Structure formats: structure tokens, C-alpha cells
Amino acid sequence: MPIIEMKQIVKIFEDPKRKTNLLAIDHVDLNVEENEFLCILGPSGCGKSTLLNMIAGFEKQTSGDVLMNQKRVDAPGPERGVVFQQPTLMPWLPVWENVSFHLKLEGVAASIRKERAKEYIEMVGLKGFENHYPHELSGGMNQRVGIARALMLNPSVILMDEPFASIDAQTKTDMQEELVKIWEKHKITIIFITHSIDEALILGTKVAVMTRRPGTIRETMSISLPRPRDVTSDAFNRYKRQILDLLKEEGELAKAASRSSS
Ligand SMILES: Nc1ncnc2c1ncn2[C@@H]1O[C@H](COP(=O)(O)OP(=O)(O)OP(=O)(O)O)[C@@H](O)[C@H]1O
């Protein structure tokens, strides 16, 4: 039984000021199995973030159902952790307080919060930085804090919206490796949006390729490559070629559509 099910999802953004409606998502069906690492790729503006926001419970679909463990999703919840492109930390709080903030809201004593946060801070490779403030850390380190915060909620599903997009290449490689280790160890389910075919193939057990807007799922492929993934292998590059062809087709369809409407 899938942990997440999207059934016939349609999302229309209404713009009453301009009196226009935008069909962003058009009848998407998507099942995500437990412990899957699903990467979503697609042309810019095809609705990737919108899909993720609906699973997170931030955005409401116009029609269709989003289910988690067969229960309808209609609000955010701790069983779904979210990691954004920017980690949205509280700059006035040290790392350990940022990571364990939800426990503060529950009235848990500072000494216990700090102790519990330490485990997650270590998990993302930030041991020794517990008392630093966000402005004292690099972008990549702050992104790790955001990941530790999401993990500490002990979610069964982690939703990640281009989390490594603004990180330098070396740090990105390190973080991809760490994320795979965390995913393997904790048996979580991850839904990960990216613009990078390489990243999707380094991480995913499955890759879903979306069409241009209005977004639908063009194809979902299972990635059967051994880990750690070898980006130079023939098998890796065969998958890459297949995805590139799909995305190229979507790009060409978009160009043809804009020519016929101009
Ligand atoms: N709150 C909103 N109000 C109106 N339109 C929106 C809103 N959010 C998204 N859209 C529109 O819906 C479409 C899908 O947007 P979305 O951000 O989901 O795409 P995306 O695939 O994540 O894009 P990118 O890859 O560029 O980040 C876009 O055309 C966008 O302009």
C-alpha cells in the first residue's frame, strides 16, 4: 500500500484581479511507496513545487485527493517534514534551538531539548556547531540545520524542494551522500524536487518526469543502479539520455505551443 497517494489532482490558481485562471496541475495520479526515494524532474513552471506543497498540506488542490496512509491530507503535519531551498532558520537562535524549536513549543526543558538536538546535529555533520548562530555558518551548513530540524520531527515522509540548489558542487556531493545514508538508516520516504538529472539519478529509487505546464506525470522510471551511484557508468548515462530526451521533447512542445499562440 503506498504511503502517499495523489488521485486525479487538479490545481487551478485563480487571479481575480486579472480575471484569469491558471491550470497548473492537470489530473495527476502519483503513488509513493514506503521507503521510496522519489525524485521529481520537469520543465520550469510545470508544477513541481505546487505538487509538493499539496502533499505538505500548504496548498489545497482544486479537485482530487491527496492521501497519506489512506487518510486525507488537508493541513501540514509532523509526519511530513519539509526542507526548502532556503532553510528559513530563526537568525536569533543558535543551531540547537533552531533544530529543536518544536519541542520548545511543547514546553520541553532546554537541557533535554539541547541533548536531543545534538544527535540530529551530529547526523548532518555539524558536531561542534550546536551553539553557533545561522549568520556564522555557510549556506550549506545552514541547509544541514534545516535538514536536522526536519529529521528531528521524526517524520515518515520528507519533502524536499530543491534543497541543494544554492550550494557549491563539492558540498552538494557530500550532502547527497549524507542524505542517502540517512534515508538508508532511518527507512524514511523522501520526495525530492530537483532541476538536475544527475542529482535525480544519484539519489532516486524512482524518477518522475513531469510534462510542461499544465503539469502531468509524463513518465515514472525505477532506477536500478547500485549505490554509491557511478555517474560515469554506461547504465547511469543510459538513464540520463532517456530523461534528457523526455525533457527535450517537453521543451520542444513548449516552443511549438508558444509559436502557434503568437
Ligand atoms: N500562489 C500562486 N498563485 C498563482 N500562480 C501560481 C502560484 N504558485 C505557482 N503558480 C503558478 O503555477 C505554475 C507552477 O508553479 P510551480 O512553482 O509549482 O512550478 P515549478 O515546476 O516548481 O517551477 P520551477 O521549476 O521554476 O521552480 C507556474 O506557472 C506558477 O506561476
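At what angle do helix 4 and helix 5 pack, and how far apart are their axes? I will come to that after a word on the model.

This is a predicted model, in which local features need pLDDT of at least 70, side-chain atom pairs count only at pLDDT 80 or more, and totals for chains, interfaces and linings use all residues. Residues are numbered from 1 along each chain as its sequence is written. Helices (H or I, at least four residues) and strands (E, at least two) are DSSP runs, numbered from the N terminus.

Now the helix pair. Helix 4, residues 110-123, and helix 5, residues 139-152, pack at about 130°, and their axes are 9 Å apart. Axes here are lines fitted to C-alpha atoms, for helices over the stretch in contact, with angles running from 0 to 180 degrees between N-to-C directions. The two helices are therefore oblique to each other; under 35 degrees counts as roughly parallel, over 145 as roughly antiparallel, 65 to 115 as roughly perpendicular, and the rest as oblique. The crossing of helix 4 over helix 5 is right-handed, meaning the near helix is turned clockwise from the far one by less than a right angle. On the helix 4 side the contact uses A117, Y120, I121 and M123, and on the helix 5 side A148, L151 and M152. Contact requires C-beta atoms, placed from the backbone, within 7 Å. By class, that contact has seven nonpolar residues, no polar and no charged. Nonpolar covers Ala, Val, Leu, Ile, Met, Phe, Trp, Tyr, Cys and Pro; charged covers Asp, Glu, Lys and Arg; the others, Gly among them, are polar.

Next, the ligand. Its shell includes F13, L22, A24, K48, S49, T50 and R213, where a residue qualifies if its C-beta atom, placed from the backbone, lies within 6 Å. Strand 2 (20-32) and helix 1 (48-56) each give at least two shell residues, and helix 1 has the largest share, three. The shell divides into four nonpolar, six polar and two charged residues.

R213 comes up again in the backbone: its peptide bond to P214 is cis, with omega near -5°. P214 sits in the loop between strand 9 (206-210) and strand 10 (217-222). R227 and P228 are also joined by a cis bond, omega about -5°, and P228 is in the loop between strand 10 and helix 8 (234-261).

Last, Q8, in strand 1 (residues 4-15), has a positive phi of about 50° without being a glycine.

Key
Contact = placed C-beta atoms within 7 Å.
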